Each structure stands twice: as C-alpha cells, then as structure tokens.
Amino acid sequence: QVQLVESGGDLVQPGGSLRLSCAASGSIFSFNGMGWYRQAPGKQRELVARFIIGGSTNYADSVKGRFTISRDNAKNTVYLQMNSLKPEDTAVYYCNGYRVGLGSGRRDDTWGQGTQVTVSS
C-alpha cells in the first residue's frame, strides 16, 4: 500500500510563506485524487485543497488566492504552497490520497502523519 509522508511544517510569522511536501512511497496515479486537509486544536479536520487525477482542483474559500496545490509526477510528490499566512492557518496539515472502488463505489483513504504549521509573531 502506498504511504504518504509530509514535511515542511514550521513556525512562520503572519504574512509569511511555507511550502509543504507530501512524498508518496509509490505512484500517485494509484490514487483517484489527492489533497491537503488541516486540523486546528478543538476543531474538525477540514479540506484545504485537492485535485482529482485528470480532473479538477478545489480550494477551501478561506485559502483561495493564497494557497496552491501542485504535484511532481516524476517524484510522486504533492505540494502545498502557502502564501500570506494568517494565524488562523495554524493547524496540523495532513496529506490525503483516496481511491474509489470501481464496483463498490466505496472510498478508501490514505493519510500521512501530519505536519505542524504555526503562524505567529
């Protein structure tokens, strides 16, 4: 099974930038889609950005225009470029890959271990 490992989390000042990386142990094309989620203390995990392999890309309204999801197929790596960071972006960021069974339609998720992003002065 393909595993996901995130990196790049750090402490950054408001207005700063970070780039998160998600390295897959196998081909990212083994997934139907991939994305980034985040979870702040006391809150539910929420979608940040995602793409469908060969399809569309979606962003949470709160990050549109500031965050960009991209991928390097040759490196089997997905990135999240985060600009103009705000304190409310503070959270653990998780990489996600999912597959949907052709016959069952059941969704099967793979998660990374998470990387901490803290935006504070």
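Colleague: Is the link of Cys 22 and Cys 95 left-handed or right-handed?
Modeller: This is a predicted model, in which local features need pLDDT of at least 70 and side-chain atom pairs count only at pLDDT 80 or more, while totals for chains, interfaces and linings use all residues. Residues are numbered from 1 along each chain as its sequence is written, and side-chain values use heavy atoms, with hydrogens and water left out. A disulfide, meaning a pair of cysteine sulfur atoms within 2.5 Å, joins Cys 22 to Cys 95 with S to S 2.0 Å. The angle about the S-S bond is -80°, and the link is left-handed.

Colleague: How many residues apart are Cys 22 and Cys 95?
Modeller: Strands are DSSP runs of E with at least two residues, numbered from the N terminus. Cys 22 lies in strand 3 (residues 18–24) and Cys 95 in strand 9 (residues 91–100), so that the pair links distant parts of the chain, 73 residues apart.

Colleague: Which residue in strand 11 is the bridge partner of Ala 91?
Modeller: Two strands pair if DSSP finds at least two bridges between them. Strand 9 and strand 11 pair in the antiparallel sense over three bridges, and the partner of Ala 91 in strand 11 is Val 117.

Conventions:
Helices (H or I, at least four residues) and strands (E, at least two) are DSSP runs, numbered from the N terminus.
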